[in-house]
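Subject: Handover of a structure and the findings from it

Dear colleague,

Please find below the structure that I am handing over to you.

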Amino acid sequence: MDNNNVVSAPQLADVAKYYDIWRKSHTGSLRTFIDFMVTPSPERDSFVNSLGPETSFNGSVAVVTLHL
């Protein structure tokens, strides 16, 4: 199953802001951060949940959006 897609990845309003937050506790390039965000994992879930995500529904599809 392909998990590297829009359906499984949260939407970020400003990637640079979230990258800066992520860098406080992780090391890696912007590409590493993007890979982290589009690959489902418990670590990604924990990071996203710590930022107060907004979940909305587009039909039967849940959309997770982060806003700072």
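Which residues does threonine 65 touch, not counting residues up to four places away in sequence? I shall return to this question once the overall arrangement has been described. Please keep in mind throughout that this is a predicted model.

Overall arrangement

The chain contains three helices and three strands. Followed along the sequence, these elements give the pattern β-α-α-α-β-β. The chain has 68 residues, of which 25% count as buried. It exposes about 4600 Å², and carbon and sulfur atoms supply 55% of that area.

The nonpolar core

The largest nonpolar core is made up of 10 residues: Tyr18, Tyr19, Trp22, Phe33, Phe36, Met37, Phe47, Val48, Leu51 and Leu66. Each of the helices α1 (15–23), α2 (30–38) and α3 (42–50) contributes at least two residues to this core.

Helix α1 has Tyr18, Tyr19 and Trp22 as buried residues. These three lie on the same side of α1, because they cover an arc of only 105° around the axis. The cover over the buried residues of α1 includes β1 (11–12), α2, α3 and β3 (61–66).

Helix α3 can be read in a similar manner. Its buried residues are Arg44, Phe47 and Val48. Their arc around the axis is only 95°, so they are placed on the same side of α3. The other side of α3 carries Pro42, Asn49 and Ser50, which are exposed. The buried residues of α3 pack against α1, α2 and β3.

When its neighbours within four places in sequence are left aside, phenylalanine 47 is in contact with Tyr18, Ile21, Trp22, Phe33, Phe36 and Met37.

After helix α3

Just after α3, glycine 52 adopts a positive phi of about 65°. Leucine 51, one of the core residues, is located in the loop between α3 and β2 (54–58). Is leucine 51 buried or exposed? Its relative accessibility is 17%, and it therefore counts as buried, the limit being under 20%. Apart from neighbours within four places in sequence, leucine 51 has contacts with Tyr18, Ile21 and Leu66. Leucine 51 and histidine 67 are 16 residues apart along the chain, and their C-alpha atoms are separated by 8.3 Å.

Threonine 65

Threonine 65 is placed in strand β3. With residues up to four places away in sequence not counted, threonine 65 touches Gln11, Pro53 and Glu54. Threonine 65 has a relative accessible area of 12% and is buried.

The surface

Which residues form a nonpolar patch on the surface? They are Val15, Leu30 and Ile34, which together have about 200 Å² of accessible area. Valine 15 belongs to helix α1, and its relative accessibility of 34% makes it partly exposed. Alanine 16 is also a residue of helix α1, and at 45% relative accessibility it counts as partly exposed. The C-alpha atoms of alanine 16 and leucine 30 are 8.4 Å apart, while 14 residues separate the two positions along the chain.

The salt bridge

How many salt bridges does the count come to? The count is one. In it, arginine 31 pairs with aspartate 35, and their closest N and O atoms are 2.7 Å apart. In general, side chains of opposite charge can pair when their charged atoms come close. Arginine 31 and aspartate 35 are four residues apart in helix α2, so about one helical turn separates them. Arginine 31 counts as exposed, at 53% relative accessibility, whereas aspartate 35 counts as partly exposed, at 34%.

With kind regards

Definitions and conventions: Residues numbered from 1 in each chain as written. Predicted model: local features only at pLDDT ≥ 70, side-chain atom pairs only at ≥ 80, totals over all residues. Heavy atoms only, no water. Core = buried A, V, L, I, M, F, W, Y, C linked by side-chain atoms within 4.5 Å. Buried < 20%, exposed > 50% of the residue type's maximum accessible area, 1.4 Å probe, protein only. Contact = heavy atoms within 4.5 Å. Arc of directions from axis to C-beta. Patch = residues over 30% accessible without salt bridge, like charges linked within 9 Å, V, L, I, M, F, W, Y side chains within 5 Å. Areas by Shrake-Rupley, 256 points an atom, 1.4 Å probe, with all protein chains shown as cover. Salt bridge = Lys/Arg side-chain N within 4 Å of Asp/Glu carboxyl O.
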